[in-house]
Amino acid sequence: MLDLPGGHVRGGFLMKTILIIMVYLIFAPLLGGLLAGIDRWISARMQARFGPPIWQPFYDVLKLRQKENIVVRRSQNFYIFFFLLFIIFTGGLFFAGYDLLLVIFALTLAGIFFVLGAYKASSPYSFLGAERELLQMMAYEPMVILVAIGMYMVTGSFYIADINSFPHPLLRYLPGLFLGFVFILVIKFRKSPFDLSMSHHAHQELVRGIITEFSGKTLAWIEIAHWYENVFLLGIVYLFCASQPLAGCLLALAVYFMVILVDNVFARLKWQTMLESSWAAAAVLGLGNIIVLHFLR
Amino acid sequence: MGSPFKKSPWVIHYDASSCNGCDIEVLACLTPVYDVERLGIINTGNPKHADIFLVTGSVNEQNKEVVQNIYQQLPEPKVVVAIGICATSGCIFRDCYNIQGGVDKVIPVDVYVPGCAARPEAIIDGIIQSLRVLEEKRQIMSSMSGSIDQMIVEKANQSDLPEILALQKIAYQSEQEIYANSSLEPLNQTMKELEQEFRSMTFLKVMVNGKIIGTIRGYKQGETAYLSREAVHPYFQGKGLGSRLIKEMESYFPLTNRFEVFTWFKSKRNIYLYEKNGYRQFKTEQVSETMEYVYLEKIVKAKGSQDEEQ
């Protein structure tokens with residue numbers, strides 16, 4: 001999935017784009033679910049447990065589809081549907097090789113729908129989760145945009161197809177941006193220490209935060225959206241080393257493993273710490289990298 | 001591949017009272033030694049995500065409503081496992097003035113795990129046993145929702161009364177949720193009272209696959225026919241069954257010009273249902289500080305013109 005030949009798409013081969021999007025639609029959730037299963041297995045091993053089977057996330061989603069869907073207001077599910085739709089759209093644009101800026105805007109829009117869904121549910125838990133989700137978005141958004149700018153400065157294009165076909169690994173020019181992006185990935189993957197709006201683990205102080213009021217099929221949508229999103233995010237990691245596809249895939253997997261390790265090592269931090277540290281990372285690693293790049297060129 | 005329910009049972013745990021021994025043993029199941037996550041079991045901490053409700057300890061006056069509230073928030077299909085002897089029967093606490101008894105005094109329990117404290121192995125076994133019940137409930141749910149078009153509406157017999165009473169208690173839980181009050185009459189009706197009503201009223205039942213999923217009763221006094229205790233199983237609500245039952249019941253009183261029903265003031269869904277079927281509010285009655293009855297009537301001008309009335 002990660003080494004799709006996006007470079008040839010922009011030539012106008014509509015069929016090829018459609019094919020890539022079809023492959024993405026089918027295989028991204030499979031890969032995402034598998035990664036989630038591996039995550040749970042590795043986490044369990046890190047905690048000296050046996051852990052669930054690798055396919056556990058799929059069992060969970062299949063089960064949730066058959067559960068009753070309890071809602072506070074029916075429209076809350078509508079927002080979540082659009083969250084899923086725009087997450088899929090984001091990944092589709094990305095893997096088809098379109099504009100990175102458009103991809104980022106679509107991702108943000110998806111996040112906003114998620115927050116609106118939680119607000120619509122009008123429960124104190126989901127309100128708090130939604131507010132924290134907004135804080136998380138504030139925390140990671142600068143870094144995501146800086147990544148796009150950095151990639152543009154190196155490759156001269158915002159098009160992912162062009163970035164993908166750049167002959168040298170971007171990591172060589174953008175090490176700071178890469179580290180900063182890995183930092184905010186912990187937020188995006190909803191991992192400790194930044195799993196403020198919702199946690200994968202039960203019995204944290206917010207119950208399940210932003211997803212408290214969602215059940216049944218809607219909860220399954222959220223889970224599937226998360227799979228799509230994870231694959232897309234690892235795709236961005238891959239871009240940092242796209243000139244060597246194998247190394248790029250290994251880089252993405254290594255980052256994923258590291259995020260799991262961080263998740264198991266750290267306790268949750270306060271939102272102030274999250275905001276300050278991720279902005280500091282964006283300013284020092286991200287902006288610093290861009291300034292250095294500007295003067296070296 | 002079997003049912004996903006067997007592979008992904010998510011639990012929520014509530015400790016009602018007593019010594020917390022079983023509470024600690026439930027949490028011990030999550031530790032690396034027992035590691036229930038290997039069976040796909042997750043402690044969700046959120047009733048809306050859970051399939052299995054684990055209750056430890058006997059239920060007391062103060063947390064009776066908490067237990068009911070959590071139970072009501074679990075999406076169907078759901079099962080309840082009572083863990084430890086206190087949750088099963090109240091045990092040594094059963095005679096205390098503030099103790100209700102076992103969990104089954106306040107919510108329906110599917111699996112009992114005795115023990116003091118119940119060992120983690122027994123708790124895990126109890127959860128696995130409950131999966132069979134969960135699967136049965138899921139099958140009933142899906143087979144019934146697949147055959148809603150084959151339902152039969154007919155007069156109920158004396159032998160249907162226990163099932164009707166059980167259905168009434170399930171269906172009126174949504175009302176209990178609205179008023180946070182378990183003293184509503186339909187929830188506390190006894191079999192004897194129901195049998196008495198059966199002698200003076202006409203009972204209708206809706207059957208799907210041999211199970212009663214809806215009921216209504218009515219009687220005529222003077223010029224007015226009174227409809228009451230309409231109940232539809234939660235799986236089948238919102239599918240037009242309520243309106244159909246009202247129409248069927250009305251047709252049992254053909255020469256009647258006036259129909260009357262009552263409901264409770266916050267039950268907007270019921271009021272909407274009756275208004276949709278041509279009923280109009282004509283009086284309210286304050287019966288206690290927190291409860292108000294709403295009376296609705298439907299006047300039929302001439303025989304056979306019921307449809308125009310709307």
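Q: How many salt bridges does the rule find across the interface of chain B and chain A?
A: The rule finds six across that interface, a salt bridge being a side-chain nitrogen of Lys or Arg within 4 Å of a carboxyl oxygen of Asp or Glu. The model is predicted, so local features need pLDDT of at least 70 and side-chain atom pairs count only at pLDDT 80 or more, while totals for chains, interfaces and linings use all residues. Residues are numbered from 1 along each chain as its sequence is written, chains are lettered from A and ligands numbered from 1 in the order in which they are written, and side-chain values use heavy atoms, with hydrogens and water left out.

Q: Which residue of chain B does A:Arg49 meet in a salt bridge?
A: The partner is B:Asp35, with an N to O distance of 2.9 Å between the side chains. Both residues belong to a network of salt bridges that also links A:Arg40, A:Asp60 and B:Glu37.

Q: And which residue of chain A pairs with B:Lys48?
A: B:Lys48 forms a salt bridge with A:Glu213, at 2.4 Å from N to O. A:Glu213 lies in the loop between helix H7 (175–188) and helix H8 (216–239) of chain A, and B:Lys48 in the loop between strand E2 (42–43) and strand E3 (52–56) of chain B, so the pair joins two chains. Helices (H or I, at least four residues) and strands (E, at least two) are DSSP runs, numbered from the N terminus.

Q: Is B:Lys48 buried or exposed?
A: B:Lys48 counts as buried, at 10% relative accessibility. Buried means under 20% relative accessible area, exposed over 50%, and partly exposed in between (1.4 Å probe, protein chains only).

Q: What area is buried between the two chains?
A: About 2,500 Å² is buried between chain B and chain A, with carbon and sulfur atoms giving 56% of it. Buried area is the accessible area (1.4 Å probe) that two parts lose on being put together, summed over both. In chain B, the residues that lose the most area to chain A are B:Glu37, B:Lys48 and B:His49, which together account for 24% of what that side buries.

Q: How many residues does each chain bring to the contact?
A: Chain B and chain A each bring 29 residues, contact meaning heavy atoms within 4.5 Å. The rule also finds 19 residue pairs in polar contact across this interface, both residues being at pLDDT 80 or more. A polar contact is a pair of N or O atoms within 3.5 Å; within protein, one must be able to donate a hydrogen and the other to accept it, and residues adjacent in sequence count only if both atoms are side-chain atoms.

Q: What about B:Lys298: which residue is its salt-bridge partner?
A: B:Lys298 pairs with B:Glu250, the closest N and O atoms being 3.2 Å apart. B:Lys298 lies in strand E14 (residues 292–299) and B:Glu250 in helix H10 (residues 241–251) of chain B, so the pair ties together parts that are 48 residues apart in sequence. B:Lys298 is buried, with a relative accessible area of 3%, and B:Glu250 is buried at 1%.

Q: Where is B:Arg258 found?
A: B:Arg258 is in strand E12 (residues 258–264) of chain B. Its side chain makes polar contacts with the side chain of B:Glu260 at 3.1 Å and with that of B:Glu297 at 2.7 Å. Leaving aside neighbours within four places in sequence, the residues in contact with B:Arg258 include B:Lys298 and B:Phe282. B:Arg258 is buried, with a relative accessible area of 18%.
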